Amino acid sequence: MNALGFNMAAEVPENPLIPPIPELVIGLIAFFIVFGFLAKKLLPNINKVLDERRKLIEGRMEDAEAIQAEAQQVLADYRAQLADARHEAARLRQEAQEQGATLIAEMRAEGQRQREEIIAAGHAQIEADRKQAAQALRRDVGTLAVDLAGKIVGESLEEHARQSRTIDRFLDEVEGKAAAGSTKAEAGR
């Protein structure tokens, strides 16, 4: 022993990284007991929860895939309906254009018919007015011609039958000359 009272052999410094053997044995036994307890009791529960979670996730994934497939089907149906609606709209637009064109043609034909009726009525009115004017002119010219002829001849041509024949003959001559003059004018053109 030395002066301090310590044994030299005991002075060998202990390694702090290596625990004493009894503590190491007790620690290993405690570790295996805790590990065994965890393996027997806790690990099956953990595995059970993990299996349930995996099944739940797989079920949700299957549900999501089914929902996605259904959504794809609904989208395809929607697109088909939209295409049908577009075709129907195009068909209706085409029909409306055809009906519009038909209606316009009918309106033009009706307008043409009304215009022809108006023109025919105008021509008939003009013809009636011309005939009426010709009759009035015939009477007036006949009366003037009879008066003038009576003054020239010196006797009265008052007798109606004779007067009528004279007037008709005179007017026929005038119309004949007018017709011959208009034929020459047309030939000159």
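Of the 189 residues in this protein, 4% count as buried, where buried means under 20% relative accessible area, exposed means over 50%, and partly exposed lies in between (1.4 Å probe, protein chains only). What you are looking at is a predicted model, in which local features need pLDDT of at least 70 and side-chain atom pairs count only at pLDDT 80 or more, while totals for chains, interfaces and linings use all residues. Residues are numbered from 1 along each chain as its sequence is written, and side-chain values use heavy atoms, leaving out hydrogens and water.

Let us start with the overall layout. The protein has two helices and zero strands; both kinds of element are DSSP runs numbered from the N terminus, with helices being H or I of at least four residues and strands being E of at least two. The protein exposes about 16700 Å², and carbon and sulfur atoms supply 62% of that area. Accessible areas like this one come from the Shrake-Rupley method with a 1.4 Å probe, and for residues only the protein chains shown count as cover.

Now turn to the phenylalanines of helix H1. A pair of aromatic rings is described by the distance of the centres and the angle of the planes. Rings of Phe, Tyr and Trp (its six-membered ring) pair if their centres lie within 6.5 Å; planes under 30 degrees apart count as stacked, over 60 as edge-to-face and the rest as tilted. By this rule there are two aromatic pairs. In one of them, phenylalanine 31 and phenylalanine 32 sit edge-to-face, 5.6 Å centre to centre with 65° between the planes. Phenylalanine 31 also pairs with phenylalanine 35: their centres are 6.0 Å apart and their planes are at 20°, so this pair is stacked. Phenylalanine 31 and phenylalanine 35 are four residues apart in helix H1 (residues 21-153), which means about one helical turn separates them. Together, the ring pairs link Phe31, Phe32 and Phe35 into a cluster.

How open to the outside are these residues? Phenylalanine 31 is partly exposed because its relative accessibility is 49%, whereas phenylalanine 32, at 54%, is exposed. Isoleucine 33, also placed in helix H1, is exposed at 56% relative accessibility.

Charged side chains make up the next part of the tour. The whole structure holds eight salt bridges, each being a side-chain nitrogen of Lys or Arg within 4 Å of a carboxyl oxygen of Asp or Glu. One of them joins arginine 54 to glutamate 58, at 3.6 Å from N to O. Both lie in helix H1, four residues apart, about one turn of the helix. Arginine 54 is partly exposed at 42%, as is glutamate 58 at 38%. Salt bridges link Asp51, Arg54 and Glu58 in a network.

Further along, arginine 91 meets glutamate 88 in a salt bridge, with the closest N and O atoms 2.3 Å apart. Arginine 91 and glutamate 88 are three residues apart in helix H1, so about one helical turn separates them. Arginine 113 and glutamate 110 also form a salt bridge, their closest N and O atoms being 2.3 Å apart.
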